[in-house]
Amino acid sequence: MLAYLPRPPTDTSWYGTFPQKPELPAAPGALAEHSRQQASAAAAKRSALMPNYLSPPCRGGTVPDEPSLPPSRGSVAAQHRPGDLSRCLLAAPQEAGTHCYALHALSVPNIPSSARSKTPTRSAAAATPEGLQTRRRKLLEDDGPVVQASKRQRQRYVTKVGKCQVNLGNIQEKKRFLSDIFTTIVDLKYRWFLFVFMMCYIVTWVVFGTVYFFDAWVRGDIGHRGDPEWRACIENVDDFVSALLFSVESQRTIGYGSRMVTANCAEGVILLMAQSIVGSMIDALMVGCMFVKISRPKKRAQTLIFSKNCVVSRRDEKLCLMFRVGDLRESHMVDAKIRAKLIKSRQTAEGEFIPLEQSELNLGYDTGEDRLFLVEPQIICHVINRRSPFWDMSAESLRREQFEIIIILEGIVEATGKCRSLAAGMTCQARTSYTEDEILWGYRFEPCMSLEKGAFRVDYSRFEMTFEVQTPAASAKELHELKELEQQEHSMLSLYWDHLLQPCAP
């Protein structure tokens with residue numbers, strides 16, 4: 001039994017049948033002719049805007065147990081699908097006791113077979129006429145060789161695992177990296193980081209060992225080896241190996257006791273103090289870099305997963321672009337935020353070419369929906385409205401575009417940031433991307449939550465699953481224009497019904 005996320009029904013009142021107003025006496029000739037002309041013009045414009053909507057002629061039929069609707073202005077027929085009502089009113093008079101039903105079936109989008117094979121789907125489409133099947137077959141045809149070649153040569157801006165495919169070259173001022181040596185060392189790969197870590201200690205040991213050996217050679221300590229009356233600067237340092245051992249013992253504070261600096265020379269004391277200070281600085285830098293590199297929450301992003309595909313379908317009567325995100329760990333992200341960028345090249349009106357232009361996709365920033373409580377998989381929704389770059393993009397034009405959607409999920413790792421010190425916590429960032437061929441038009445995600453005894457259960461085997469739903473293949477702009485036409489037609493029909501009912505008023 002699914003909890004809170006039942007599978008949405010695929011047949012709604014929008015696509016199904018509904019009773020219309022009963023037939024009324026004919027209107028006056030002038031008004032009827034005027035209404036016919038307006039209804040025909042509106043229907044023709046709507047057909048031009050929505051080529052994927054099927055609008056077969058109304059068929060009359062007697063439906064048992066169906067109460068007839070009173071001819072009132074607030075009836076269902078006057079409020080729902082006014083375009084169908086106008087076609088029924090203009091049709092031939094029907095027998096008494098019959099009702100008119102508009103048979104509407106929105107065209108199910110055509111998704112390439114390659115995209116369908118990437119995700120398990122469950123079909124929920126109904127049978128459609130032969131004309132729509134022909135249109136589907138045309139959309140299902142493979143792209144031409146030019147389009148296919150361009151898609152094969154396509155280079156991602158960000159990979160699916162979040163790696164940015166941008167290489168920096170011809171950097172002239174390399175000294176800028178040395179000014180921030182700490183970040184430079186931390187950003188190194190582990191093999192180079194360990195190499196730098198070891199070389200810092202080895203170089204200082206060898207350098208100070210060489211200085212100790214040179215001092216002993218200049219003072220003559222090496223020439224008086226074994227002379228009990230000779231007062232050496234550093235005892236038992238008579239070759240380079242013994243000087244190197246003394247350097248290691250002094251910097252690491254080992255102190256075996258056989259080699260030591262005496263008070264017979266001031267330079268020995270100064271060299272010992274200098275090596276102690278340099279060794280402490282190297283310890284602080286290397287240990288700090290090692291701690292930061294190990295504790296960086298970069299690998300935390302490996303347990304933040306995204307769906308392999310985006311889907312486009314209707315939600316709350318709005319066309320939406322959706323994808324799913326989940327967290328595999330039981331220790332959740334704190335103050336998680338998500339945002340999206342559209343990467344697309346374009347040319348301005350002045351002829352300037354802007355490669356890989358970045359534009360923001362609204363994921364609910366104004367309403368706070370971009371802040372997530374990521375304890376279970378969430379479906380992130382981008383409403384395609386006037387401010388969306390997908391406003392005038394239909395299912396067919398989507399396959400011809402070239403763009404990339406970058407998804408960025410940021411949050412504080414719960415183990416490193418508490419409620420009173422979120423600023424001290426370490427921020428983790430997970431990224432992924434979707435190209436135009438990874439967007440499924442007319443699909444929704446399968447629910448993956450169920451209710452168990454005492455808790456909810458998330459089934460991550462259903463995380464990638466989608467099912468097909470009836471979705472218009474037109475763009476959001478065309479749907480909006482269609483809705484405005486229907487509202488205008490509804491207003492016209494309301495005036496028409498008021499004129500018809502006016503003689504019947506007492």
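Helices (H or I, at least four residues) and strands (E, at least two) are DSSP runs, numbered from the N terminus. On that basis Ser258 is found in the loop between helix H10 and strand S5, residues 260–261, and the secondary structure of the whole protein comes to 13 helices and 19 strands. This is a predicted model, in which local features need a pLDDT of at least 70 and side-chain atom pairs count only at pLDDT 80 or more, while totals for chains, interfaces and linings use all residues. Residues are numbered from 1 along each chain as its sequence is written, and side-chain values use heavy atoms, with hydrogens and water left out.

**The protein as a whole**

- Of the 506 residues of the protein, 37% count as buried, where buried means under 20% relative accessible area, exposed means over 50%, and partly exposed lies in between (1.4 Å probe, protein chains only).
- A contact means heavy atoms within 4.5 Å, and among the contacts in the protein with a separation of 6 or more, 76% come from residues 24 or more positions apart.

- Helix H10 (residues 240–251) and helix H11 (residues 266–295) pack at an angle of about 55°, with their axes 9 Å apart; axes are lines fitted to C-alpha atoms, for helices over the stretch in contact, and angles run from 0 to 180 degrees between N-to-C directions.
- H10 and H11 are therefore oblique to each other, since angles under 35 degrees count as roughly parallel, over 145 as roughly antiparallel, 65 to 115 as roughly perpendicular and the rest as oblique.
- Where H10 and H11 meet, Ser247, Ser250 and Gln251 in H10 are in contact with Leu272, Gln275 and Gly279 in H11.
- The residues of this contact between H10 and H11 divide into 1 nonpolar, 5 polar and no charged, given that Ala, Val, Leu, Ile, Met, Phe, Trp, Tyr, Cys and Pro count as nonpolar, Asp, Glu, Lys and Arg as charged, and the others, Gly among them, as polar.
- Helix H9 (residues 190–219) also packs with H11, at an angle of about 175° and with the axes 11 Å apart, and that makes H9 roughly antiparallel to H11.
- In the contact of H9 with H11, the residues divide into 19 nonpolar, 2 polar and 5 charged.

- Ser258 counts as partly exposed because its relative accessibility is 33%, and, leaving aside neighbours within four places in sequence, Ser258 is in contact with Glu235 and Asn236.
- Ser258 and Phe246 are 12 residues apart in sequence, and their C-alpha atoms are 9.2 Å apart in space.
- Thr253 is found in this loop between H10 and S5 as well, and Thr253 counts as exposed because its relative accessibility is 69%.

**Residues with a positive phi**

- Most residues other than glycine have a negative phi.
- Thr253 has a positive phi of about 50° although it is not a glycine.
- Asp335, which is not a glycine either, has a positive phi of about 55°; Asp335 has its place in strand S9 (residues 333–347).

**Gln378 and its surroundings**

- Gln378 lies in strand S12 (residues 378–383) and is partly exposed, with a relative accessible area of 22%.
- Not counting residues up to four places away in sequence, Gln378 touches Phe323, Arg324, Val325 and Phe373.
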